[in-house]
Amino acid sequence: MKKLFALVLALALCLSLVSFSHADDLIKVGVVNNPPSESGYRAANVKDFESVFTAENGYELNTFYSIKNDEQLQAASGFITDGVDVLMISAAETTGWDEVLTAAKEAGIKVYLFDRMIDVPEDLYEAAVVSDMAKEGETAVNWLLAQNLPEYKVIHIQGAMGSDAQIGRTGALDAQFEAGTMVKVAQQTATWDEAEAKNIVEAVINSGEAFNVIYAENDGMAKGAVAALDEHGITHGVNGDVIVMGFDCNKWALKELKAGNWNYDGQCSPFQAQIISDLIKGVKTSDVKKIINEEKGFDAATITDDDIATYGLGED
Amino acid sequence: MSEMKKAMKKSGNIGQLMIPLIAFGLLIVFNLIRDPSFFSIETKLNNTGNTVLAGNLISIINGASELAVLAIGMTLVTAACGGQDISVGAAAAIAGSVFVKIVRGAADVNGLTVILAFLACCVVAMIFGSFNGMLVSVFRIQPMIATLILYTCGRSIAYWINGGATPTISSPITSAIGSFIPGVPIPTPVIIVAVMVILFNLLFRFTTLRLYTQAVGINQSAARLNGINTTMIKLLSFILLGVCVSVAGCIGVCRLQLINHETLLLDIEMDTILAVAIGGNNLGGGKFRISGSILGAYVIQMLTTTLYAMKVSSTDVKAYKAIVIILLVVIGSPVVKRWFTKKMGNLRGAGLRRAGAKEGV
């Protein structure tokens, strides 16, 4: 009886080995990313990678999510030891990656960076697919200039100071303030906090100062600002007194746009997986290492339901 | 002699509210000098077509609502346990997430769903409150350490509940809770605070909770020897704080019609503890006054609003707030108070002696 049991076990083991060897025709990829709970952006980013690097598309996906750089480093080393074919990284911090990436290179593993750059020599990775936050700001400000308002009195609500998104999205608007084409009514950071954004706008309204544009560096803060406008009976959006601008393209924010409550929403695309997959399979090639992910800006007047379905992040 | 004792007792009672009242007075005078129209209140027609009150004063009492509600519960915990709960912000994020989850799950949002959602988030907040309370009362862990656990993991738990980053809700009822009820010019959060204050006052009036809480806070062993279930009283304070947390969480969610588990009532635990301290309550437990804490909450909000009105950069607001708060807390400290009473006593004594001398002549 015992022998029979052992035989069965041995058979099962062999079978499992066979099934494992089947997986060998798949491209084994390791993804090191931040956890989906970090933000709506990240949740969409993680989902994007999980939906592109599937067995149907010819991949065997291994993932690791952490906001801690040292844990990410360990996981990356682990993937190298496991013998992945491709390693993809969105690092928590820009430093400390030299050693791991050199090891990957020596092992013949292709490395792709996405969403965030790392401070390493360019020869250590194949390509980096990233967003250009400064360009996002420029796109938004150019859209605003194209509205041809007689005057621009702007309340500028910033994200957490020093973050990439804040620096990028602030730059273009600051240039306008300096050039004198737009007037800075208030420029305050709400550190991505919706309630704080509401307080900032409320303070301006109570002071009696006039304004006609709200430029919030993410959707949540734009929503907070609009709550303050609503309470004080100031109209906003299409045909309103105040132009409302947000960033990130959450699904619910694009719906506000469609309803005409807001005017503009700038995209920060979390969709890098398809580009990387194309690069791996040789469908696409790139002359430059740093590939800027193309990003759009949506106008309330032209947005369609298809746009919302395609580009909207998260649930509605 | 007994007259004097009574007088001293009386002054002692007002003494507790002295600091927040002085702070209030100073802020009012400062603002009136800076900008006489600061406190002007006007009526406006808001975007939903209601006539509502607006102005800095309204912004202050409205904006402080979550803080005031939390300060009530925090005062109780402080009094009973001689320590503070630092997980209120994280717990409010959990409570708010539960509220949003249920409202979003309902096919049709009506009054009943909102009440059910609130009750569910109340129950959840009370469960987390009793978890904290158990650690403190049964296992005798220091409140700050015990609540550190929920402080660290609370916002992740809040994320799991909804699974998305910023789920939104939209219903006329929730927006009425967060801003204005049609036909009522006062912001709803202000009304909610008033209701909470009344409820707690009734609780204190018709139960022995206040007496028992103070007894436990002043001397736990004496309270136990007198037959008070000290474990129960401490646990109860955390459960009542849980109720406050769920109310504050719901107000926060309804204000914005969205929940961001990372930013909802961010850093509010520190402001809440400050409100209790500015309110003149002993952070080591014992006697307490809810009114002091609520005044403290309004002082903090008034300070923030004043700084914003002065166009202070929001990155600097925290630093300025810290300076003012250090001053308030130092003035309210036992050392300064003792020095002050001594000086007053000396003056009074001198006055009495002079009066006595006169009578002698």
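How many residue pairs are in polar contact between chain A and chain B?

Modeller: The model is a predicted one, and between chain A and chain B it has 14 residue pairs in polar contact, both residues of a pair being at pLDDT 80 or more. On the side of chain A that touches chain B, four elements each supply at least two residues: helix H2 (40-52), strand E7 (183-189), helix H7 (194-207) and helix H8 (219-231). Of the elements of chain A, H7(A) gives the most to this side, with ten residues. Sorted by class, the side of chain A that touches chain B holds 13 nonpolar, 14 polar and twelve charged residues.

The contact as a whole draws 39 residues from chain A and 35 residues from chain B. Three residues, Gln188(A), Glu194(A) and Glu231(A), account for 21% of the area that chain A buries against chain B, more than any other three residues. Together the two chains bury about 2,700 Å², and 47% of this lies on carbon and sulfur atoms.

Charged pairs may be considered next. Side chains of opposite charge can pair when their charged atoms come close. Across the interface of chain A and chain B there is one salt bridge. It joins Glu209(A) to Lys311(B), with the closest N and O atoms 3.1 Å apart.

Over all chains, the whole structure has 14 salt bridges. Among them is the pair of Glu136(A) and Arg169(A), at 2.9 Å from N to O. This pair links distant parts of the chain, since Glu136(A) lies in helix H5 (residues 133-146) of chain A and Arg169(A) in helix H6 (residues 164-179) of chain A, 33 residues apart. Both Glu136(A) and Arg169(A) are buried. In chain B, Lys318(B) forms a salt bridge with Asp267(B), the closest N and O atoms being 3.8 Å apart. Here Lys318(B) is exposed, with a relative accessible area of 59%, whereas Asp267(B) is partly exposed, at 36%. Chain A also contains a network of salt bridges that links Arg42(A), Asp115(A) and Arg116(A).

Because 23 of its 27 residues are buried, H11(B) is largely enclosed by the rest of the structure. Just after H11(B), Gln257(B) adopts a positive phi of about 60°.

Key: Residues numbered from 1 in each chain as written. Chains lettered and ligands numbered in written order. Predicted model: local features only at pLDDT ≥ 70, side-chain atom pairs only at ≥ 80, totals over all residues. Heavy atoms only, no water. Contact = heavy atoms within 4.5 Å. Buried area = accessible area lost by both parts, 1.4 Å probe. Salt bridge = Lys/Arg side-chain N within 4 Å of Asp/Glu carboxyl O. Polar contact = N/O pair within 3.5 Å; in protein donor to acceptor, adjacent residues only side chain to side chain. Nonpolar A, V, L, I, M, F, W, Y, C, P; charged D, E, K, R; others polar. Buried < 20%, exposed > 50% of the residue type's maximum accessible area, 1.4 Å probe, protein only.
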